[in-house]
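Please keep the viewer open as you read.

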Amino acid sequence: MFYIGCHLSAADGFEAMGKAALSIKANVFQFFTRNPRGGSAKAIKQADVDAFLKLASENNFGKILAHAPYTLNGCSADASIRKFARDTMADDLQRMEYVPGNMYNFHPGSHVQQGVDVGIDFIVEMLNDILFENQRTTVLLETMAGKGSEVGGKFEELKRIMDRVKLVDKMGVCLDTCHVNDAGYDIVNDLDGVLAEFDRVIGLKWLKAIHLNDSMNPLGAHKDRHAVIDGGKIGLDALARVINHPQLRDLPFYLETPNELEGYGKEIALLKSVRK
Ligand code: FE
Ligand code: FE
Ligand code: ZN
C-alpha cells in the first residue's frame, strides 16, 4: 500500500480532515494539534472522532500524524518556556488517545547558546516526564535542518536522546527530506549511503514516517525552506527514489510543501504516477 497524504487544517475536526484527504486521493494526513504558535486546543468531540474512525477504516487509511506546535521549545534556557512545551505536549498526548494507534511528531528544539549537551538533557527530561506506560501514540523526533542552534540536525543527536528515554518503545523518528538535505545528508546522489548512515547511527527500525518536501536550498545550507515537489534542489527523480526505496516504501509519506488543497492533490497524483 502506498500511504501518501499532506498537511491539512484541523480547524473543522477529524472527519473534515478525512474528507479533505479523500477529495485529493490521500490515505494519510498530518495536522497541527493546536494553533502552530501554541495556544489552547479546541475541545475534541467524540462524535467527530467516531465519524472519522469509520471513514478511515472504510477507506483503508494509514496512520495519521499529529504535529506539535513548531514554536514549542523543550530545551529553552528559560524554565517557563520549557514548562510550557512539556505541559502542551503532555496535553496533546492525552488528546491523541481519542485516536489511538497514531503518531505525534515534534521538533526537538533549539538550545540557544547552552550547547547541544544541555539541550539534549532538557529534551530527555521532558520526554521522561510526559511519556506514559499505556499510551498508544508513537512520539516521533523530527530530523532537523540544523538551523541556528536546532538540536536534531545530526542523526547522532536524535540517537543520544533516544538512548536515554525510559519508554523508548513509545518513540520513533520522522525523516524530513528537506531538512536532511539542508542538514547535509545527500539524499539526491547517495540515498543508500544516507539510509546506511541512519541505520548505523539510529537504526532503521525506528524510522516511522517521512515528511516529503523539496528544498529551496542546496545540500548543507542549514536553512529549512520547503519547496513544492520538483520545485527545488532535490527534484522529482530523487523524491521518486525516496518513495520507491525498498527500505522506505512501506512508510507513510506526508507532504508539507507550500500548497493549498488543490496543489497537494496535484502533487499526490504526480507522486502516484512515479510510484513503482
Ligand atoms: Fe516539522
Ligand atoms: Fe517536517
Ligand atoms: Zn521544515
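With angles of 84 to 170° among its 4 donor atoms, the iron ion (ligand 2) sits in an irregular site of this predicted model. Donors here are N, O and S atoms within 2.8 Å of the metal (3.2 Å for Na, K and Ca), and water is not among the atoms, so sites may look incomplete.

A word on conventions: residues are numbered from 1 along each chain as its sequence is written, with chains lettered from A and ligands numbered from 1 in the order in which they are written. As the model is predicted, local features need pLDDT of at least 70 and side-chain atom pairs count only at pLDDT 80 or more, whereas totals for chains, interfaces and linings use all residues; side-chain values use heavy atoms, leaving out hydrogens and water.

**The metal sites**

| Metal ion | Protein donors | Distance | Spacing along the chain |
|---|---|---|---|
| iron ion (ligand 1) | His 67 (NE2), His 107 (NE2), Glu 142 (OE) | 2.1 to 2.3 Å | H-x39-H-x34-E |
| iron ion (ligand 2) | Glu 142 (OE), Asp 176 (OD), His 211 (ND1), Glu 256 (OE) | 2.0 to 2.2 Å | E-x33-D-x34-H-x44-E |
| zinc ion (ligand 3) | His 179 (NE2), Asp 224 (OD), His 226 (NE2) | 2.0 to 2.3 Å | H-x44-D-x1-H |

Glu 142 coordinates both the iron ion (ligand 1) and the iron ion (ligand 2), which are 3.3 Å apart. Since His 107 lies in the loop between strand E4 (103-106) and H4 and Glu 142 in strand E5 (residues 138-142), the pair ties together parts that are 35 residues apart in sequence. Helices (H or I, at least four residues) and strands (E, at least two) are DSSP runs, numbered from the N terminus.

Back at the iron ion (ligand 2) and its spacing E-x33-D-x34-H-x44-E, Asp 176 belongs to strand E6 (residues 171-176) and Glu 256 to the loop between strand E10 (253-255) and H9, so this pair links parts that are 80 residues apart in sequence. The zinc ion (ligand 3) is 5.2 Å from the iron ion (ligand 1).

Glu 256 is buried at 14%, Asp 224 at 18% and His 226 at 19%. Buried means under 20% relative accessible area, exposed over 50%, and partly exposed in between (1.4 Å probe, protein chains only).

In helix H1 (residues 14-23), the buried residues are Phe 14, Met 17, Gly 18, Ala 20 and Ala 21. They line one face of H1, because they fall within an arc of 165° seen down its axis, the arc being that of the directions from the helix axis to the C-beta atoms. Their cover includes strand E2 (28-32), helix H2 (46-58) and helix H9 (261-273). Just after H1, Lys 25 takes a positive phi of about 60°.

The axes of helix H3 (residues 79-96) and helix H4 (residues 116-130) come within 10 Å and cross at roughly 35°. Axes are lines fitted to C-alpha atoms, for helices over the stretch in contact, with angles from 0 to 180 degrees between N-to-C directions. Residues of H3 including Arg 82, Met 89 and Leu 93 meet residues of H4, among them Phe 122 and Ile 130; contact means heavy atoms within 4.5 Å.

Definitions and conventions
Four donors count as tetrahedral if all angles lie between 85 and 135 degrees; four count as square planar and six as octahedral if opposite donors are over 155 degrees apart and all others between 65 and 115; anything else is irregular.
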